[in-house]
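Colleague: Can you walk me through this model?

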There are 2 protein chains.
Amino acid sequence: MKILILGGDGYLGWPTALHLSDGGHEVAVLDNFARRGYDFEMGVDSLVPIDTLQARIRAWRDLTGREIACYIGDLTDADFTCHVVREFGPDTIVHFAEQRAAPYSMVDRKHAVYTQVNNVVGTMNVLYAIAEINPDIHLVKLGTMGAYGEPNIDIEEGWLEIEHKGRKDRVLFPKRPGSFYHLSKVHDSHNIEFACRIWGIRATDLNQGIVYGQQTAETALDDRLATRYDYDAVFGTVLNRFVIQSVLGLPLTVYGNGSQVRGIIEIRDTVRCLQLACENPADRGEFRVFNQMTQSLSITQMAETIARVSPEKVSIDHLANPRVEEEGHHYNVVHSGLVDLGLDPHLLSDTLIESLFEITKRFADRVRPEAMVPTVDWRRSASPLGW
Amino acid sequence: MKILILGGDGYLGWPTALHLSDGGHEVAVLDNFARRGYDFEMGVDSLVPIDTLQARIRAWRDLTGREIACYIGDLTDADFTCHVVREFGPDTIVHFAEQRAAPYSMVDRKHAVYTQVNNVVGTMNVLYAIAEINPDIHLVKLGTMGAYGEPNIDIEEGWLEIEHKGRKDRVLFPKRPGSFYHLSKVHDSHNIEFACRIWGIRATDLNQGIVYGQQTAETALDDRLATRYDYDAVFGTVLNRFVIQSVLGLPLTVYGNGSQVRGIIEIRDTVRCLQLACENPADRGEFRVFNQMTQSLSITQMAETIARVSPEKVSIDHLANPRVEEEGHHYNVVHSGLVDLGLDPHLLSDTLIESLFEITKRFADRVRPEAMVPTVDWRRSASPLGW
């Protein structure tokens, strides 16, 4: 099928593009390079050097003979968005193209407003493009497990069968997100569910856990195909940051007491989940939700797992939690939808971590340890960004 | 107390300003006149002529000796918003300043995006201004009953005690809004609840029913104090439109079979609810929700009530429903919070309707009947606006 990948230059968008191209699909990527711009703003860079999007696409063609089409522009530009959907004519649109870091959204008012406007308007423009041009297009939209917050009940897959005062209904799972970024995903989900209802379009919302890892079968083929690997306190996700701290012999920094439990997923499973969602589309009018994660671990368990196999002897440091989040909470998540479609999960293992240690060692001289110190404080309305 | 009324030039903002000023509070109004601008776009006008905001304020001073301060500007301009909050120094901010018509938000992509960006960003700027300048300020925010949609369970006041697989939680009531406008209110509520949680601010979210009526004790003092009265298919709410159709001897136009049930409230109760919410603030960190409505009626019941007492003999016409909404649904709403604070509701009565007939007759020559024909179709991604 023809698949358009929005945010196809990013940490996960790029490996997904390669995986779907390798799977025989006709792939196009769209990006505005906002993610590369955030690096300039923060004075950091991916630990693993990444090539330009154009060079990556050329390398993939040279290595495999497969073409990936490329559109450079911004989804908040509705004319551009419509033009691309009309010209490429996708069967499926995979939408990674949002600002995706909670701390970045919590820097100050400007970053909060930017995150919500960028994410919500970009998605609305995609919905309108689908409704106008071809309502049969399947939208596969990236969301986040973090949008659920820490409810005291089990987390179902997007919808909840509810009984109240003797009556029943099926409702969107009530969410309690923990940042203006997470809120933007909740807003998106509400908007998309409404578009399914009024226009009969088909959508799959993927509530993704924290992703770790850096290589997929496709990116590992050649250095020119590498995807980014972030370790800074803003865009670096917790497991990747722990790996880098351990290679450098630095303490693993846990926020608060570390009893917060999070759903996680390995990057190879992410690209496989995207493939399964694309190849098994939602029905017309259906707002389908999957919890895209493979296991739950507390932050302390993640730190202990890394510390146990670390090449350096490392300690675990507890920092005052800069976020407002619950500790010691209930966390039990249903995540069977993608397994039912054929996902065979990779769980966190020594093997995977060791490959991450190798990558980190190779580029250790590129790490700026200062960038790993959290500076964005949820309790303040403005924080400094970066080191 | 010092009360800043955002959207203080509007249908309800202006009568609320007068009622609170009359109640002895020090009142300021803020407006960008967006609502007057929509009239130009649609080629319509309030049935009742309204004076400029400046002239209204002068008339109120001449009649009562009471001053109302006035700020002209846009909440999406964060510098302006902060400046006003800093200069006026309110104890309470009442926030009416949003695009408030579902059909307007459903015209096309531009109107949908405008509605969500205007409403969400304006509210975020207010939240940041409160957090930065004085987190003790009580935010009283107007929402809508329509944001709930038509759940098959009873509608509680904003929060829902839930039991699932043997565990319990208290969650935001899961909503299923029926337009991009209603969605913007759901987004606002999520953002405000989060701000209460992280910054400890205090907020009251008022999910208001469909308002009818045109006069309050204060606006009735003098023609120069009149508030607007809309009858067009975009901004005219259903009961007000039925009154005008009946005075003109036109059929009352019901969308669909008319079994849709809606919560309603009279304008005098609206201003009283606002006073009660302001004078009984939420606690620090509390996100308090009231369902601001006094009774539930089906659209058919509303039409029959008007037809029964109409000065002209009128029929009831059923139009194909331009909206996507359920008919024949369950609708049972808890709305005791404001009654507990002291609200003594006015229910829909012949007396009230007769006063509306008088007003309508006085200005009947200003009606453009074409503007009452619905043109915005929920099932299309773009519709013509207005007649």
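Here are some questions and answers on the chain contacts and on a few strands.

Modeller: Before you ask, this is a predicted model, where local features need pLDDT of at least 70, side-chain atom pairs count only at pLDDT 80 or more, and totals for chains, interfaces and linings use all residues. Residues are numbered from 1 along each chain as its sequence is written, while chains are lettered from A and ligands numbered from 1 in the order in which they are written.

Colleague: Which helix gives the largest share of the side of chain A that touches chain B?

Modeller: Contact here has C-beta atoms, placed from the backbone, within 7 Å, and 43 residues of chain A meet 43 of chain B that way. Helix 6 (109-133), strand 6 (159-164), strand 7 (167-172) and helix 7 (180-199) of chain A each bring at least two residues to that side; helices (H or I, at least four residues) and strands (E, at least two) are DSSP runs numbered from the N terminus. With twelve residues, the largest share comes from helix 6 of chain A.

Colleague: And what is the bridge partner of Ile3(A) in strand 2 of chain A?

Modeller: Strands pair if DSSP finds at least two bridges between them. Strand 1 (residues 2-6) of chain A runs parallel to strand 2 of chain A, with five bridges. In strand 2 of chain A, Ile3(A) is bridged to Val27(A).

Colleague: Which residue of strand 3 of chain A is the bridge partner of Ala28(A)?

Modeller: Strand 2 of chain A also pairs in parallel with strand 3 (residues 68-72) of chain A, over five bridges. There, the partner of Ala28(A) is Ala69(A).

Note on methods
Two residues are in contact if their C-beta atoms, placed from the backbone, lie within 7 Å.
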